[in-house]
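Reader: I have a structure open and would like to talk it through with you, piece by piece. Could you start with whatever I need in order to follow the burial figures?

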Amino acid sequence: MSFLSHLISGVSLGSIYAIIALGYTMVYGIAKMLNFAHGDVIMVGAYACFFIVSRYGMSPLLGVLLSVAVCTLLGILIERLAYKPLRAAPSLAVLITAIGISYLLQNSAQLLWTSNPKVFTSVVGAGSLKFAGGRLSISVTAIVTIVICAVIMLALTWFTGKTKMGKAMRACSEDKGAAQLMGINVNFTISMTFAIGSALAAIAGVLLCSAYPTLMPTTGSMPGIKAFTAAVFGGIGSIPGALLGGTLLGIIEIFGKAYISTQLSDAIVFAVLIIVLLVKPTGLLGTRIQEKV
Amino acid sequence: MRTTQKRNTWFTYALVIAAFAITQGFVQSGNITSTLKGQLVPICAYVVMAVSLNLTVGVLGELSLGHAGFMSVGAFSGVVACMSLADAIPSEPIRLVVGIVIGAVCAGLAGVLVGIPVLRLNGDYLAIVTLAFGEIIKNLINCLSVGVDARGLHFSFLSNASALNLGEGGKIIINGPMGISGIPKLSTFTAGFILILVTLFIVMNLVNSRAGRAIMALRDNRIAAESVGIPITKYKLMAFVTSAALAGAAGTLYALNFSTIVASKFNFNTSILILVYVVLGGLGNIWGSVVAATVLTILPEMLRGFNDYRMLLYAIVLILVMLATNNVRIRNTFHTLRGRFKKTSKEGASDEQ
Amino acid sequence: MSSNTRLVPVPATNFIPERDIDKQPILEARNLGIDFGGLTAVDAFNFAVSPTEIAGLIGPNGAGKTTIFNLLSKVYRPTRGTILLEGRDTLDMTTVQANRAGIARTFQNIRLFNNLTVEDNIKLGLHNHIKYGMISGILRLPNYWTEEKAARERVPELLNIFNMEFMSQYRAGALPYGAQRRLEIVRALATGPKVLLLDEPAAGMNPSETAELMENIVKVRDTFQIAIILIEHDMNLVMGICEGICVLNFGKVIAKGTPEEIQNNPAVIEAYLGKQKEVGSNAESN
């Protein structure tokens, strides 16, 4: 039974990683940049929800919606002010800028809300469901997380595959120049991608803090790195890859903690990543791009 | 260009020596704040880190996000060496040199281990794997305990220091996640300065030689490099391992400046910090790395007056610098200025030949 | 010779210039073929080049010419067949080893070391002829100085082929297009090849530059006594300097022979101009 409960908490943690990884993957796919500030958007989303629900006593649903709105605006703002001017710059310059944004968000959060950890109350309630005569207990948060992740996944697959905007996104990620010539507003499309990625980050932030209720200005960084790893693991740029990578990463992490060593769980996660990349250099579901000679 | 290259090389040495002389002057006359004085050895270590990372990122052209991992290996192995050789080598400077060499060798070996698999990958995938290795190294050192007694070094992994089975008079050196405490302060500003000079000598001479050309060729065009008979893995590994070994030396220097050191100090953020120095100093620009590492280590101290806002300001400065240096209009102005300057200096240069 | 016989795979004997008549071919492809996941890019390719021959590889776009270069220079591993360099099988060689064994090449889309100077580009071509290691380089041991001096003296000699000595300190990426193409040839020559593969050397050049290039290719062959295989769409160049020509279409050899033979070959005319009615049409040069 403990195996099953570990598995479920693994899938649940993995779902959070997957939602964050989606943001990384979509932004990478379209802007070809590693958005290291993404993890800190998660943190902002969690704080927004925390204040709306705990301080102003509004309903959790409203809290989630408002925090999604805050993060969406934040994402668009960051893209406009920091990344858009660097569209033609070398990728390292953009990377450093993203790191600058990450510092900026973390330090602003520290100034505004201090580095004292806040105790986040789960937006879905702390109850748990008991199965098999009480031997298997699954928290409601875990179930809700998994369900939300599945819903997001289906919605995004539909969005990128069927809608005009989604097709524009795929076109931009293939070839921005050609997309522009076909009359696609590339800047708007990139902004939209950041908006969606950041909205997902807000949801991930709320879910993350519902499962692990300590909220600090640095809360987002480690999950951010892990989710980035998950995105690469599944094949960066691929939406199903983010889901697969995130889920596997969550499972490996929880199993590593449970069966091998708590201290070494991160090392195990990263070791698996390295092994996967050595066997499949562009991740599990990534497409192999061969340079034409 | 050859003349520019030569001029850059001498300029870099001159810059470092002058900076050392001036700072020494301030130290001797006591005109230096104690915080800044405490920063002198770390600055030297960061300069070495930045120059060595520039070899990987600027010269080889591969993004590494785990450079702090090699610093960590160097720090821990170097300190273990220094502490266990305390009786064998009474002279402190010699012990420091031995420690730095051991730190460099261990980090270099780690570089080989990491490099062989990593360098088969390219671009962002290589970057993420270096990040992963950095985290793994941090994690492993966190689980490591080392002690020394009359019979030699004892290691234990994943259990606490009592599992070391130390004999009479034995002492614990690395105590798991608590790291090392009671480190002798062997590092001095002069030692740091010498290490910088050695690093510059190695990196700049390497770059301006057959091997360095091959490394830069890989950066510019991998396929063309292969077509003229340059083995990719060999030179990638050469750059990567040299870079790792120098980072190890910097790690030892850094650790021997503090009384305690923990593995979590050398995390992803430290790697990023070094990367920021390299990018702001200019990819492949060695003296740029030196200046950027120095200025950006001092900057937060200088901003101390702003108290809580200093890291915020640091972040804003970082973003603005990146936006400004990559702004097309500012760049063009800079290029025309440089073009004008070059024209005037070229007339002088042609006389020399 | 009846044209029909040329439609079947032709044996590996090509046109052999008189001076090479008693020598064995320097480079030989036997029944070479490569598939890219189901798609056969090159098939049953038989070809031989004599030690000082200038050979041409022509055919419509997508015929598999560059793929053959990639096979010969070991960028790709063939699915079938063998490549013999001086009678030695190159099956297990890498690109690097193939270069050391004597195959050098240029690329269709120029591949220079753009951030390095012209001089450094050529020194990289000389890489395997400069004999000192990493340690000598760092410590500036005596062999560093002697070897670097030798290399530095060799650079203008090589640049002299195209009269480019004055460019030696220019950044390769900043050179005009034609000079970049020429530099790529010089860099390939610096590696000391026995066979030089030129992938569309005249692409993007104007007629006078092309004429100069033709002279220079012949000059290179005469000076270095090497074999040159070139891919080119400029028929004036191909017909003007190639001694043997091989025509490809859809990955298969459709004709081989001297320029005169190729110009009058109906299969070649068909490949380039499409099937024609039985009207007397002359050979079309481009």
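Author: A residue is called buried here if 20 or more other C-beta atoms lie within 10 Å of its own. By that cut-off, buried residues make up 44% of the 286 residues in chain C. Please keep in mind that this is a predicted model.

Reader: Staying with chain C, how many helices and strands are there?

Author: Chain C comes to 10 helices and 10 strands. Among its contacts with a separation of 6 or more, 70% are between residues 24 or more positions apart.

Reader: Which strands does S9(C) join through bridges, and do they run parallel or antiparallel?

Author: Strand S3 of chain C, residues 54-58, is joined to S9(C) by four bridges, and these two run parallel. Within that pairing, Ala55(C) has Gly244(C) as its bridge partner. Strand S10 of chain C, residues 252-257, is joined to S9(C) by five bridges, and here the strands run antiparallel.

Reader: What about the hairpin of S9(C) and S10(C), where is the positive phi?

Author: The hairpin has two residues between the strands, and Phe250(C) takes a positive phi near 50 degrees.

Reader: Let me change topic to the nonpolar core. Which residues touch the most other members?

Author: The largest nonpolar core has 291 residues, and those that touch the most other members are Ala46(A), Cys44(B), Val48(B), Ala50(B), Val79(B), Leu253(B) and Val247(C).

Reader: Which residues is Ala46(A) in contact with?

Author: Setting aside neighbours within four places in sequence, Ala46(A) is in contact with Phe120(A), Gly205(A), Val206(A), Leu208(A), Cys209(A), Leu215(A) and Thr219(A). As for the helices of chain A, H2(A) covers residues 38-55 and reaches 25 Å from its first C-alpha to its last, close to the 26 Å expected. H2(A) is mostly covered, with 15 of its 18 residues buried, and it is followed by Gly57(A), whose phi is positive, near 60 degrees.

Reader: What about helix H11 of chain A, which residues are buried there?

Author: In H11(A), the buried residues are Asp266(A), Ala267(A), Val269(A), Phe270(A), Leu273(A) and Leu277(A). Seen down the helix axis, these buried residues fall within an arc of 160 degrees, so they line one face of H11(A). The face turned away from that buried side carries the exposed residues Ile275(A) and Val279(A).

Reader: And what covers the buried residues of H11(A)?

Author: The cover includes helices H9 and H10 of chain A together with helix H5 of chain B.

Reader: How many residues do chains A and B each give to their contact?

Author: Chain A gives 36 residues and chain B gives 34. On the side of chain A that touches chain B, the elements giving two or more residues are H4, H9 and H11 of chain A, and H4(A) gives the most, with 12 residues. The residues on that side divide into 26 nonpolar, eight polar and two charged.

Reader: Now chain B itself: why is helix H7 of chain B described as largely enclosed?

Author: Of the 11 residues of H7(B), 11 are buried, so the helix is largely enclosed by the rest of the structure. Its buried residues pack against helices H2, H6, H8 and H9 of chain B together with helices H3 and H4 of chain C.

Reader: Last one, is Ile286(B) buried or exposed?

Author: Ile286(B), in helix H11 of chain B, is buried, because 24 other C-beta atoms lie within 10 Å. Not counting residues up to four places away in sequence, Ile286(B) touches Thr12(B), Val51(B), Asn54(B), Leu200(B), Val203(B) and Met204(B).

Conventions. Residues are numbered from 1 along each chain as its sequence is written. Chains are lettered from A and ligands numbered from 1 in the order in which they are written. This is a predicted model: local features need pLDDT of at least 70, side-chain atom pairs count only at pLDDT 80 or more; totals for chains, interfaces and linings use all residues. A residue is buried if 20 or more other C-beta atoms lie within 10 Å of its own, exposed if 12 or fewer, and partly exposed in between; C-beta atoms are placed from the backbone. The arc is that of the directions from the helix axis to the C-beta atoms. Two residues are in contact if their C-beta atoms, placed from the backbone, lie within 7 Å. A nonpolar core is a set of buried Ala, Val, Leu, Ile, Met, Phe, Trp, Tyr and Cys residues joined through C-beta atoms within 7 Å. Ala, Val, Leu, Ile, Met, Phe, Trp, Tyr, Cys and Pro count as nonpolar, Asp, Glu, Lys and Arg as charged, and the others, Gly among them, as polar. Two strands pair if DSSP finds at least two bridges between them. The expected span of a helix is 1.5 Å times one less than its number of residues.
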